[in-house]
Amino acid sequence: MEKIIDEKKQGTTLVTDVKGDTSRKLYIESYGCQMNFSDSEIVASILTKQGYSTTQDLKEADLVLVNTCSIRDKAEQTVRKRLEKFNAVKRDHNPKMKVGVLGCMAERLKSKFLEEEKIVDMVVGPDAYKDLPNLLEEVDEGRDAVNVVLSKDETYGDIAPVRLGTNGITALVSITRGCDNMCTFCVVPFTRGRERSRDPQSILKEVNDLAAKGYKEITLLGQNVDSYVWYGGGLKKDFEKASEMQKATATSFSELLTLVAEAQPKMRIRFSTSNPQDMTEDVFHVMAAHANICNHIHLPFQSGSDRMLKAMNRQHTAAEYLKLVKRMWEILPNCTISQDIIVGFPGETEEDHNDTLRLMEEVKFIFGYMYKYSERPGTMAARKFEDDIPEATKKRRLVEIVDAQRKHGAYRTQQFVGKTTEVLIERESKKNENEWSGRNEQSIVVVFPKEQYKPGDFVKVKINDCTSATLIGEAVE
Ligand code: 5AD
Ligand code: SF4
């Protein structure tokens with residue numbers, strides 16, 4: 001399977017049936033990051049309590065919600081096309097249908113969708129989902145409904161998510177919301193607000209519930225998981241002001257990881273996303289000490305040029321990134337690492353671009369997500385710099401890094417050929433109905449003949465062949 005995502009593939013539809021006992025039907029789609037998919041499960045939980053059941057048939061929906069992403073212009077365009085489609089269905093088939101936007105675009109554009117464009121009935125930002133019952137009442141009474149207030153403490157820790165699009169095997173568990181890092185290109189600090197961590201007890205409860213339901217793997221989610229901190233409160237910016245007592249008893253990310261891994265030693269634990277400026281060595285040691293924490297780190301580096309990293313306000317240099325990676329491999333020799341890269345950031349020269357290629361060559365990432373810079377209104381980069389790299393140059397640079405990534409992916413997957421690796425079966429292979437597809441702990445997709453196995457099984461698979469992103473093998477026990 002191709003691991004290099006483009007926006008089209010990323011805009012996956014997330015629709016599933018949730019049991020409900022009344023007649024109102026909800027159709028929900030999610031775009032963008034895993035956090036949005038996780039948030040849609042919170043939304044489904046809140047609406048199930050309001051008597052909604054979900055449908056996969058747009059035409060019969062009373063309420064259509066789209067959970068949106070603002071990270072790049074292309075992501076927003078995809079959502080706009082969907083909104084046009086929803087409005088066409090509303091016009092032609094179901095005039096009573098109500099349409100709502102959730103997530104980052106709701107937060108970024110606020111009431112613009114309602115007042116100027118008039119293409120939705122409801123706008124709800126990422127921290128306002130608990131207000132949905134009130135907002136729906138407003139809509140029922142024929143009024144436009146908006147809530148885009150960002151919160152300093154909302155983590156939805158008290159809401160048990162309704163698992164959507166689920167295979168019953170892997171689940172997302174959110175541990176932090178928002179981001180305080182202020183990378184200059186990024187809209188997230190504006191759309192998702194201040195960074196806050198969720199009470200570890202509510203995280204543990206969710207993980208234990210998932211284990212009891214038979215889930216086999218969880219991913220702890222946050223924009224920046226390494227800066228997780230719970231000190232009785234979870235607002236990151238106030239941690240410094242906490243009492244000595246609170247600081248001494250605070251839970252860090254590595255401690256949370258330990259708690260979760262030890263609470264459910266049979267479950268696989270993953271986490272995402274890490275950032276080099278916040279990741280610390282203690283996380284590597286916790287990973288090394290717990291066999292159930294997967295040996296894979298998603299560690300965006302964005303650019304290999306210190307000049308660009310500084311302009312991006314990344315708070316780390318290329319050398320610091322490499323030092324962290326080297327330390328990781330000393331402690332975790334079998335760990336794979338994946339990246340995010342932006343090409344064509346304002347002022348990026350060929351030399352800067354070559355620095356990125358050099359850093360890639362040095363690390364040889366297992367896979368990555370690579371993007372052309374997309375100027376986001378309101379960000380520091382949009383205010384300070386001109387988006388001056390021609391589109392053709394951005395395109396060419398993107399092709400060059402995607403090619404390099406493919407080569408490095410192939411180099412990494414090749415190392416597994418002839419070896420045996422443990423796979424958690426997630427689903428049928430998309431390419432072959434006689435094969436299962438799952439991932440090993442290094443987060444590499446593995447396909448192999450089905451035989452007597454079933455989804456949710458852990459299977460030892462001998463690897464006979466590979467592509468740049470997939471291992472191909474056969475079960476050996
Ligand atoms: N343009 C292009 N890519 C971006 N990202 C974030 N903001 C932008 C932007 N304005 C990328 C970064 C980040 C990932 C989630 O999206 O690489 O790590
Ligand atoms: Fe955006 Fe940087 Fe925060 Fe990631 S760490 S969400 S790129 S500001």
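**Close-up views of a predicted model**

Asp180 counts as partly exposed, because its relative accessibility is 22%. Buried means under 20% relative accessible area, exposed means over 50%, and partly exposed lies in between (1.4 Å probe, protein chains only). This is a predicted model: local features need pLDDT of at least 70, side-chain atom pairs count only at pLDDT 80 or more, and totals for chains, interfaces and linings use all residues. Residues are numbered from 1 along each chain as its sequence is written, chains are lettered from A and ligands numbered from 1 in the order in which they are written, and side-chain values use heavy atoms, with hydrogens and water left out.

**View 1. Asp180 pairs with Arg194 in a salt bridge.** The closest N and O atoms are 3.3 Å apart. A salt bridge is a side-chain nitrogen of Lys or Arg within 4 Å of a carboxyl oxygen of Asp or Glu. Asp180 sits in the loop between strand E8 (176-177) and helix H7 (188-192), and Arg194 in the loop between H7 and strand E9 (196-197), so the pair ties together parts 14 residues apart in sequence. Helices (H or I, at least four residues) and strands (E, at least two) are DSSP runs, numbered from the N terminus. Arg194 is partly exposed, at 38% relative accessibility.

**View 2. Lys247 meets Glu240 in a salt bridge.** Here the closest N and O atoms are 4.0 Å apart. Lys247 is partly exposed, with a relative accessible area of 25%. Glu240 is exposed, at 60%.

**View 3. Glu426 and Arg439 form a salt bridge.** The N to O distance is 3.0 Å. Glu426 lies in strand E17 (residues 420-428) and Arg439 in strand E18 (residues 435-440), so the pair links distant parts of the chain, 13 residues apart. Glu426 is buried, at 7% relative accessibility. Arg439 is buried too, at 19%. Salt bridges with shared partners join Glu217, Arg268, Arg270, Glu426, Arg427 and Arg439 into one network.
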